[in-house]
Amino acid sequence: MTIALSGGAGLLRALAMTMALLLVVGCKESVDMHTGLTDQEANRVITALRQDGIDAEKRTTKEGVTVSVAPSDLPRATQVLQASGLPHRASARMGDVFRKEGLISSPMEERARYVYALSQELEATLAEIDGVVIARVHVVLPEKVAPGEPLQPPSAAVFIKHLPGLDPDVITLRVRQLVARSIPGMGSQAVDRVSVIFVVADVLPRRLAPAPSYTGGWITLILVLVAALAGGAAFLVRAAKGRRDALLVNDADDASEGGEDGEAGGPWDAQGQDALADLPDTGRKGPAAPSQIKPAPLGA
């Protein structure tokens, strides 16, 4: 019985280890795609991924918001974000570009900062148009000329990568006007000095809904079976223990009853032997039959 109990305990330990292993295997791992995003940009990334059937999650860290996906979805997720132009490049603002970090800035540094900040502001504005994936603006400011020479007006070139649903003919004039009126010194023919190029973004075919995965169902079924086996093993161990306790109790009761009978029946057994010794020998072994017993004479 002790062997059975120890075997049942070992079975329970094995079942517990199996359940723990299955739980560890069933847990999904994730890989970080982008870190340091703003909450708004992370929401855009997650929306684009989930529209393609990719499960994505975000969490907040010290560097910003991190978006993570399952390792098996990483290649497809990368393609989806590249086609969508996400995450958007962080645009620098005027205040960030012209932040004073040194005592004296050269005229060339001030000019480069101004052009860069102006381009960043225009890119951020154009990126807000629905259907625009990527927007780039290159501003060209004329060099300073000698006194008496005519001053060349500035110009700009705009590159827009858009989704197929966006019609370039509808927004071309508006984009040129927006850029021309945002750059000082463009003159009366400002719109003519702004060129715009539209490029249609490659759209990935919508991924079909993945076939239902039975991995989770199999894991659940296995866990249920393991739990049922563990419950059955525990029941058998308890039943075996109960039978052992019952046998021990019965043995103890039999031992106590046998002791009491021995103590009470001792004198009677001695008297019975004396009575048998007085009986006549009938040639038979053992006690004589009642009909062969003759009563002793009264005077004996």
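His-34 stands opposite Val-67 in strand 3, where strands are DSSP runs of E of at least two residues and helices runs of H or I of at least four residues, both numbered from the N terminus. The model is predicted, so that local features need pLDDT of at least 70 and side-chain atom pairs count only at pLDDT 80 or more, while totals for chains, interfaces and linings use all residues. Residues are numbered from 1 along each chain as its sequence is written, and side-chain values use heavy atoms, with hydrogens and water left out.

Strand 1 and strand 3 (residues 64-69) run antiparallel and are joined by 4 bridges, two strands being paired if DSSP finds at least two bridges between them. The open sheet has 3 strands in the order 1-3-2, with antiparallel pairing. Strand 1 (31-37) and strand 2 (56-61) each have a single partner strand and stand at the edges, so one side of each lacks a neighbour in the sheet.

| Helix | Strand for the angle | Angle |
|---|---|---|
| Helix 2 (residues 39-51) | strand 2 | about 165° |
| Helix 3 (residues 74-84) | strand 1 | about 35° |

Helix 2 lies across strand 1, strand 2 and strand 3, whereas helix 3 touches strand 1 and strand 3. The two helices, helix 2 and helix 3, pack at about 115°, their axes 10 Å apart.

Note on methods: Contact = heavy atoms within 4.5 Å. Axes fitted to C-alpha atoms, helices over the stretch in contact; angles between N-to-C directions.
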